[in-house]
Amino acid sequence: MVMRKIQVVMMTALLSGVSLQSFAQEPDKKKETGKERIERQQNLNREMTLEREYNPIVQDAAKVNTLPVVREMNISKRPIVYSDYAVPTSPNKEMNILPAGTLMTDVAHSKRNGYLHFAGGTRMNFNGDFGYHLLNTDRDKLGVYFSHRSTNGDVKFSVDSIAERKAKLNDNFGGLDFSHRFDAATLSLGGSFGYSAFNYYGIPTNTFAAPVAENDSATNQGNRYINAYAGVTSNRESSLGYHMGIDYKNFNQKYSLSEVYDGLTENNIGLNLGLSSPVNNDQRFGVDLKMNMLTYTEPGISDVKIDSAAFDNRYEITLSPYYRLENDRIKLLLGLNLMIVSQDETDVFVSPNVALDVPIANWSLFYINLGGGIESNTIYELSRINRYINPAFTPDASKTWADLKLGVRSNVATGLWFDIFAGYKYTESDIFYNPSSYDWIDKGFNNVSMAFQPTSQRLQAGATLKYDYRHIVGFYLKGVYNHYNLKYLDTWKNVYSVTEPDKDDDLKAYGRPTFTFDAGLNIRPVKPLTLSADYSMASGAYACLNNENVKINTINDLRFRASWQFNDMLSVYAQFNNLLFRKHEMYYGYPLQPFSAMAGFSVTF
């Protein structure tokens, strides 16, 4: 089938300050087969996922104008999500509004090499993003990028006896990426640097039987991050496919439990190797090897009784042989993950690595994914999810024995999609966050988030519905229900982590909501103007204080946004957050901002 040329207007969008809107031309849907509709739906889902979350280690952040053709060097399997609960809440969006930008899907390089986004608002909220292609040819690509997020606004607490406090954040991240395409392989090199300053502004907690010390909510913690990577990937024309790379990360915290103590340093070296060979045109055998080694420099807390074994060196190895089949009717992956984790002791375990996509009828797709693996739980990774993680402790790696997800995606009619799914996950030493404090420390950081690590079983069910009418009107609905069953692991690390209920039946999935619901509406009354409203709800999360479970305030957030597209280079927007004026929180004692407003612009050049 002859498809008309697709042009998508795009620009990098990060956090609440950036959003994306597509101006892709409609394909000839009368001539589309069911399989093509499903593929178009999958492509749309990938486009939607691009803007959802600020991922500061994405190495293509500057490559907004070119589809990626080089395999990324990313050793860790855990998705890094920017923790934005000191600024206006910005949950995942299922539909996006794209400001100025150009993504060409039918040429090897872009017509524009740079982008700039800036936004400012109430409560001293500022967002900024910049990227530029110094080289952008068929053979060579060299790009630089930089992102900034900051706030210095007051937040109110649900406890009336505690006055407003400043929630301070100054987060900066930048980097450089280079790739050169040889005839047989592509070389990738790059590096990045980040620095984040913030304060522990949460409600002081006294989970230990000790006199309450003075809480330091004014001093800024400083997290520094350095990364460098190098890799080689065979080009697709090669009969024997291969990839190899090395990745180094260094993470340092300025302080430990208070400004009196020096912070810890974490070094992470990762190695990624892989080989694959075709059996025929649609079948392939392969094997991947991932190795990860972590070393630590202990924080200066010798007078605090914390076991130094928390900072022992450890390593992780995953060997993944697989068989892959892809043709017009089926996509199948059959494999295993053979894993070794060496921390307090050496553990060996196996998880499946299976995926299947099968079309049913002409407009639906059944899919199943059954996997598992190791999540390193490095301090750097966890600090990007929850920046208030305990600055004097290192959690164990999480070992997922089984992670099952199955469902049905369907394009039942033009512009209408749905996805119904369910899943089960079994993880040993899972990560849950609980508030705690070190009250015996003079003027310390109270309400740090301790990592509680029980064995968890999670049952999940959910559905997503999306509709778009000629890019004039569109909406989405998404609801997910989670049920957890936790079993306490009697380890010395959990003893240090936090106080918990005495019985397994009383354990909760601390910090995680039971039910989430997201909805959104986009309206484009005239071509340059787009109006959108988004609603997010997350309920059923708990914290544990003094051996008692305490329910965390439900997130109930409504946002409105208006954007105006002057041309394919320039757009402006205004956004209003927390229109319901709710006092909600992501983790106990750390409330999100009340009502705020922001305005900004995006430009490509």
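The questions and answers below concern a predicted model.

User: How many helices and how many strands are there in the protein chain?

Analyst: In this predicted model, buried residues make up 54% of the 605 residues in the protein chain. Of the contacts between residues at least 6 apart in sequence, 68% join residues at least 24 apart. As for the secondary structure of the protein chain, the count comes to 3 helices and 30 strands.

User: Which residues touch the most other members of the largest nonpolar core?

Analyst: In soluble globular proteins, nonpolar side chains tend to be buried together. Here the largest nonpolar core has 14 residues, and β6 (165-181) and β19 (448-452) each supply at least two residues of this core. A second, separate core of 13 residues includes Phe251, Leu264, Ile379 and Phe393. Within the largest core, the members that touch the most others are Tyr200, Tyr201 and Tyr388.

User: Is Glu316 buried or exposed?

Analyst: Glu316 is part of strand β12, which spans residues 314-326. Leaving aside residues up to four places away in sequence, Glu316 touches a set of residues including Met291, Leu294, Ile340, Val341 and Ile374. Since the relative accessibility of Glu316 is 6% and the cut-off for a buried residue is under 20%, Glu316 counts as buried.

User: With which side chain does the side chain of Glu316 make a polar contact?

Analyst: Among the residues that Glu316 touches, not counting those up to four places away in sequence, are Lys290, Asn292 and Ser376. The polar contact in question, at 3.0 Å, joins the side chain of Glu316 to the side chain of Arg314.

User: What is the relative accessible area of Arg123, a residue with a positive phi value?

Analyst: Arg123, a residue other than glycine, has a phi near 60 degrees, and lies in the loop between β3 (114-121) and β4 (125-136). Arg123 is partly exposed, and its relative accessible area is 30%.

User: Does Phe581 count as buried or exposed?

Analyst: Phe581 has its place in the loop between β27 (570-577) and β28 (585-587), and its phi is near 55 degrees, a positive value in a residue other than glycine. Because its relative accessibility is 59% and the cut-off for this class is over 50%, Phe581 counts as exposed.

Methods
Residues numbered from 1 in each chain as written. Predicted model: local features only at pLDDT ≥ 70, side-chain atom pairs only at ≥ 80, totals over all residues. Heavy atoms only, no water. Core = buried A, V, L, I, M, F, W, Y, C linked by side-chain atoms within 4.5 Å. Buried < 20%, exposed > 50% of the residue type's maximum accessible area, 1.4 Å probe, protein only. Helix = DSSP H or I, 4+ residues; strand = E, 2+ residues; numbered from the N terminus. Polar contact = N/O pair within 3.5 Å; in protein donor to acceptor, adjacent residues only side chain to side chain. Contact = heavy atoms within 4.5 Å.
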